[in-house]
Structure formats: C-alpha cells, structure tokens
Amino acid sequence: WTAYYMSLTEGSMLTNARWLAEHLKPLGYNYFHIDEGFSFTRGEYMTPNATTFPHGMDYFGDQIRRLGLNFAVWIAPFEVSGRAWIYQNHRDWLVHTADGKPIVIAVTGEDAGDRVYALDTTHPDAQEYMRQTYRKLTREWGAHYIKLDFMDTAAIEGYRYSPNTTALQAQRIGLEIIRQTVGEDVLLDKDGSPMLNPVGLVDEGRTSTDTAHSFRATRS
C-alpha cells in the first residue's frame, strides 16, 4: 500500500508476486496481499476495476496460486461509497437518520467528492449481499486471507432495520456473517476497528496505524 496507494494494476501486482515467490517464499513469506484499489469502489468488491485489472480477480487469484502463494485481499466490509451499486439501488440497506437519510461517515477520493456511508448489517437483504460477496472472494477468487479495514468509521449509531441495535452489536452481526460465510480456514484480519469488539470472530489484528512517507502523516 505505501508503495502504490491507489495506483495498483494487474501488471505491477503480478510482477511483485513473481518477485516475492522467487526471493521471499523460501523464507516463509507465502501470502500475497493486494490492498485497496482493485475494486470499482468501496462497498462493491465483487466488481473489479476493469481498467487496471482487465482479466478480473478470478484470473488474478489463479495466477497467485500458480506461484505457490496464498491470495489475500483488502476490503472495507461495512463502508459503501456513493458510487456503489448499493447506494444507487438500495439506500434502505444503509444506516440512516430518523428521517430516512443515509448518514455520511467520510468523504474520500482524489476530488474529495465521493461520500461514504455505513452498511446496515441488520438488514436481511444487505446480509445476503454480504454472503454473495464473501462467497465470491473465497470460492471464486480463491482468497485465503481477508483484511477488514475501516470498521471504526463504520461503527456509528443510527437507525437500522433491527431497532435498538448499537453500532458495536451491528459490527459483531456483520463479522459473524463474514465468518460463517468464509469458514474457519480463511484468515480474517481486523484493521481499523474498536480493539476488543471482533475478538472471537477474527484471527488477528493490527494495533498500529498505517505507515507513511512523512513524519507529519505518521504523527497523525
């Protein structure tokens, strides 16, 4: 991530994977992890970026496995961009205000114009969409490791399909669906989350912030 940021491409990632397989796999580095940038947008992870990954992620995952590596992917499981299919078609799947408006939790993108919302993990249709997503990531793409990011920003209070559900309860519900879908042989990594809430549902978790290229960024 700190080398490429959002400039990931199929070619550059396969080049890195081949180098890793040749030079680092003998030392025990047997996972190849691809961070944010492969998907169309946050909240729509089944749709790869067709410009930068023209052969799709099932092809990419197959290439990684052919190198004898485990395929790992990044997602922000409970964030939904305003560009995503969910926002365009099912805003009722989002955490909302009393008057039914989806709550903006962040603004991202190079033009700082892409609003991000929180997925309502208590909504039955949103839950089924999550199951479809994680079945595809693991059973079709072959991912054996999933990095779950930005769970802190998505843990907001608001109105949900199931009333009187707190933000942390909703996060546990979402994580339970993910774990049940991927099974026990897929490693789940918690990043950007309230520290103790995912315990028992994930395998590991980073305790630090991102590294950065400047002291100012690292300090923040």
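**The sheet and the cavities**

Five strands form an open sheet in the order β1-β4-β8-β9-β10, and the pairing is parallel. Two of these strands, β1 (31-34) and β10 (204-205), stand at the edges with a single partner strand each, so one side of each has no neighbour in the sheet. Please keep in mind that this is a predicted model.

Now take one pair. Strand β4, residues 70-75, runs parallel to strand β8, residues 143-148, and five bridges join them. Val73 stands opposite Ile146 in β8. Helix α4 packs on the sheet and touches both β4 and β8. The direction of α4 makes about 135 degrees with that of β8.

Next, the empty space. Rolling a probe the size of a water molecule over the atoms shows where such space is left. How many cavities of 30 Å³ or more are there? The count is two.

The largest cavity has a volume of about 90 Å³. Which element gives the largest share of its lining? That is α4, with four residues. Both β5 (79-81) and α4 (124-140) give two or more residues to this lining. Among the lining residues are Gly43, Glu79, Val80, Leu119 and Tyr134. By type, the lining has eight nonpolar residues, two polar and one charged.

The second largest cavity has a volume of about 60 Å³. Its lining includes Phe78, Leu119, Met151, Arg160 and Gln171. Here the division is seven nonpolar, two polar and one charged.

Key
Residues are numbered from 1 along each chain as its sequence is written. This is a predicted model: local features need pLDDT of at least 70, side-chain atom pairs count only at pLDDT 80 or more; totals for chains, interfaces and linings use all residues. Side-chain values use heavy atoms; hydrogens and water are left out. On a 1 Å grid over the protein atoms alone, a cavity is a set of points where a 1.4 Å probe fits but cannot get out, and a pocket is an open set with protein on both sides within 12 Å along at least five of seven lines; lining residues have an atom within 4 Å of a point. Grid points are joined across faces, edges and corners, and a volume is the space filled by probe spheres set on the points. Ala, Val, Leu, Ile, Met, Phe, Trp, Tyr, Cys and Pro count as nonpolar, Asp, Glu, Lys and Arg as charged, and the others, Gly among them, as polar. Two strands pair if DSSP finds at least two bridges between them. Contact means heavy atoms within 4.5 Å. Axes are lines fitted to C-alpha atoms, for helices over the stretch in contact, and angles run from 0 to 180 degrees between N-to-C directions.
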